Each structure stands twice: as structure tokens, then as C-alpha cells.
Amino acid sequence: MASWKTHNCNSCDYSFVGSGKPDALMMGPTIPVICSGCNVIYDRITHSPIGAELDRSCEECDSEEFIPWDYMAKKCPQCEDGIIGESDEGVIVMAD
Ligand SMILES: [Zn+2]
Ligand SMILES: [Zn+2]
């Protein structure tokens with residue numbers, strides 16, 4: 001079980017809902033990645049301990065190309081100097 005929060009950029013209006021850090025869903029461990037197709041951050045399952053087929057592509061553009069997001073630096077993928085932060089009033093979804 002993982003809790004997903006709303007994350008907002010402090011410089012542009014980009015936001016995403018996700019764990020924003022390495023986490024684990026029922027399907028397996030996830031890492032935050034940036035989609036190479038549309039520059040959005042999403043949680044990608046790295047491998048499945050139960051051998052399930054991993055077809056978690058970007059929900060926005062269906063691209064399976066991605067680069068790992070530097071969740072320590074928290075740089076916004078959509079603007080130059082934006083930093084992504086967790087929103088206090090963000091939605092918290094239990095994802096499994
Ligand atoms: Zn930004
Ligand atoms: Zn995409």
C-alpha cells in the first residue's frame with residue numbers, strides 16, 4: 001500500500017499525483033520517472049516479484065521511453081528552474 005500525493009511545481013503550473021519517490025505497489029516496486037514523450041512524472045514499476053507482465057506506459061501519451069526522475073533534486077521536467085514540492089492540501093490516494 002502506498003500513499004500518493006499531489007506534487008506541484010513552484011515555478012510553473014505543472015503538477016502530478018504520485019509517490020514522488022521509490023515506493024512499492026502490489027504489482028512491485030516503483031520509481032518516479034520522466035516520460036520522454038511528454039515530460040510528465042509518473043511512478044513506473046521496475047520489476048514484478050510475481051512475474052506479472054509490466055506494461056505500465058505513460059498514461060498521457062503511451063510512450064514507454066523514460067528517464068529516472070531525480071527525486072532528490074526534485075527538478076521540474078517542464079520548466080527551467082522549478083522545484084517540485086508536495087502539496088499540503090493535496091489529494092492522498094491509496095494505491096495498490
Ligand atoms: Zn515547472
Ligand atoms: Zn508521456
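A residue is termed buried if 20 or more other C-beta atoms lie within 10 Å of its own, exposed if 12 or fewer do, and partly exposed in between, with C-beta atoms placed from the backbone. The structure is a predicted model, in which local features need pLDDT of at least 70, side-chain atom pairs count only at pLDDT 80 or more, and totals for chains, interfaces and linings use all residues. Residues are numbered from 1 along each chain as its sequence is written, while chains are lettered from A and ligands numbered from 1 in the order in which they are written.

The protein chain has eight strands and zero helices, where helices (H or I, at least four residues) and strands (E, at least two) are DSSP runs numbered from the N terminus. The mean pLDDT (the predictor's confidence in each residue, from 0 to 100) is 86 for this chain. Confidence is highest in strand E6 (residues 66-68), at a mean of 95, and lowest in strand E8 (residues 93-95), at 59. Where pLDDT is low, the predicted coordinates should not be read in detail.

Of the 96 residues in the chain, 22% are buried. Gly-18, in strand E2 (residues 15-18), is buried because 22 other C-beta atoms lie within 10 Å. Two residues are in contact if their C-beta atoms, placed from the backbone, lie within 7 Å. Beyond neighbours within four places in sequence, Gly-18 is in contact with Trp-4, His-7, Pro-32, Ile-41, Tyr-42 and Asp-43.

Glu-59 lies in the loop between strands E5 (41-45) and E6. Glu-59 is exposed because 10 other C-beta atoms lie within 10 Å.
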